[in-house]
Amino acid sequence: MQVLKKDANYQSYYSKDDFSLYLGDCIEILNSMPENFVDMIFADPPYFLSNGSFTCHAGRRVSVKKGNWDLGGGASANFDFHIEWLKACKRVLKQNGTIWISGTYHSIYQCGTALEINNYHILNDIAWFKPNAAPNLSCRFFTASHETLIWARKDKKGKHTFNYNLMRNGDWAEDSLKKEGLQMRSVWSIPTPKQSEKKFGKHPTQKPFNLLRRIILASTKEKDIILDPFAGSSTTGLAAVLNGRHFIGIDNEKSYLDLSIKRFENLKQTDEETALNKLFYKKANRLKLK
Ligand SMILES: C[S@@+](CC[C@H](N)C(=O)[O-])C[C@H]1O[C@@H](n2cnc3c(N)ncnc32)[C@H](O)[C@@H]1O
């Protein structure tokens with residue numbers, strides 16, 4: 001899928017079937033794309049929490065430095081960044097399009113205000129509860145065990161997609177809080193990524209496949225175009241193509257796009273994970289038609 005203007009400086013880094021990746025700064029790349037062509041954006045921007053402190057990983061004390069991209073430049077510069085990338089996203093979104101943003105308290109309040117400054121219309125905030133969150137080492141605070149996701153529409157008057165039946169009646173076995181046959185609520189219990197999701201290498205802030213699958217099935221239709229401006233290991237892309245959607249991912253770290261490609265190319269192998277996802281997709285399609 002070639003989506004950039006003919007005179008754009010950016011060519012895709014990788015493009016196969018419904019999966020395209022662009023290497024570079026997301027604001028520059030988004031500004032070189034056409035207007036109003038994307039149905040949904042999932043954005044997992046830097047949380048800017050790499051501050052020299054420590055956390056617990058697999059029982060060991062490790063630095064929270066995720067990478068230079070997560071250092072930030074202070075509250076004011078971070079806020080300006082959130083305003084700018086959200087502005088660039090709004091330009092490419094269709095009138096009825098929606099955006100999801102994930103974050104913790106380090107970033108999510110700034111992102112919420114930046115959404116309002118850009119005149120998006122907030123639809124929900126979701127508390128993503130991680131039942132297997134790492135313990136707190138200092139024992140001086142509560143253990144951080146959730147992230148917040150904001151879901152917003154480009155335009156106040158837009159008509160966004162919400163697959164209500166599927167959310168209510170789908171098979172959400174991974175979520176101990178979801179009661180069968182009842183409405184999907186705004187607190188989701190989903191474990192952090194499984195080891196099998198990291199078999200091609202690790203991204204320090206990789207999102208679980210099941211989280212992205214739910215977001216995509218809730219808020220898009222088959223063949224929709226989904227864009228992720230901070231793609232990382234492209235969890236969004238895998239969930240998109242496995243559910244019959246198109247994917248465009250952007251990241252400014254080549255190694256993360258290379259990891260994304262390995263994950264995407266593995267989808268052609270019919271391992272247990274992929275087979276399960278295909279089954280889920282068929283069932284989801286039946287429910288949507290009810
Ligand atoms: C929080 S991580 C996203 C992880 C992803 N959701 C996943 O499941 O793997 C944020 C990503 O944004 C990328 N990034 C940071 N600043 C960027 C920028 N200005 N343009 C494009 N990518 C950027 C980083 O390289 C990093 O991979």
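**Strands, helices and a ligand shell**

Strands S2 and S11 pair in the parallel sense, over five bridges. Two strands count as paired if DSSP finds at least two bridges between them. Strands are DSSP runs of E with at least two residues, helices are runs of H or I with at least four, and both are numbered from the N terminus. Within this pair, Leu 23 stands opposite Asp 251 in S11.

This is a predicted model, in which local features need pLDDT of at least 70, side-chain atom pairs count only at pLDDT 80 or more, and totals for chains, interfaces and linings use all residues. Residues are numbered from 1 along each chain as its sequence is written.

Now look at the other partner of S2. S1 and S2 pair in the antiparallel sense over three bridges. Tyr 14 stands opposite Leu 21 in S2. The two strands form a hairpin with two residues between them, and there Asp 17 takes a positive phi near 50 degrees. S2 is mostly covered, with four of its five residues buried. A residue is buried if 20 or more other C-beta atoms lie within 10 Å of its own, exposed if 12 or fewer, and partly exposed in between, with C-beta atoms placed from the backbone.

Step back to the sheet. It is open, has nine strands and shows mixed pairing. The order is S1-S2-S11-S10-S3-S6-S8-S7-S9. Strand S1 (14-16) and strand S9 (187-189) stand at the edges with a single partner each, so one side of each has no neighbour in the sheet. From one strand to the next, the twist averages 20 degrees. In a regular strand, side chains alternate between the two faces of the sheet.

Move along to S7 (residues 121-129) and S8 (residues 146-153). They pair in the antiparallel sense over eight bridges. Here Trp 128 has Glu 147 in S8 as its bridge partner.

Helices lie across these strands. Helix H3 (residues 108-117) lies across S6 (93-103), S7 and S8, and runs at about 5 degrees to S8. Helix H6 (residues 235-242) lies across S2 (19-23), S3 (38-43), S10 (225-228) and S11 (246-251), and runs at about 170 degrees to S11. Axes are lines fitted to C-alpha atoms, for helices over the stretch in contact, and angles run from 0 to 180 degrees between N-to-C directions. The whole protein has eight helices and eleven strands.

Beyond its neighbours within four places in sequence, Cys 89 is in contact with Leu 30, Ile 41, Ala 43, Ile 99 and Pro 229. Contact means that C-beta atoms, placed from the backbone, lie within 7 Å.

Finally, find the ligand. It is surrounded by 18 residues, and the closest are Asp 44, Phe 230, Gly 232, Ser 233 and Thr 235. A residue counts as near if its C-beta atom, placed from the backbone, lies within 6 Å. The shell has six nonpolar, seven polar and five charged residues. Ala, Val, Leu, Ile, Met, Phe, Trp, Tyr, Cys and Pro count as nonpolar, Asp, Glu, Lys and Arg as charged, and the others, Gly among them, as polar.

Conventions. Two residues are in contact if their C-beta atoms, placed from the backbone, lie within 7 Å.
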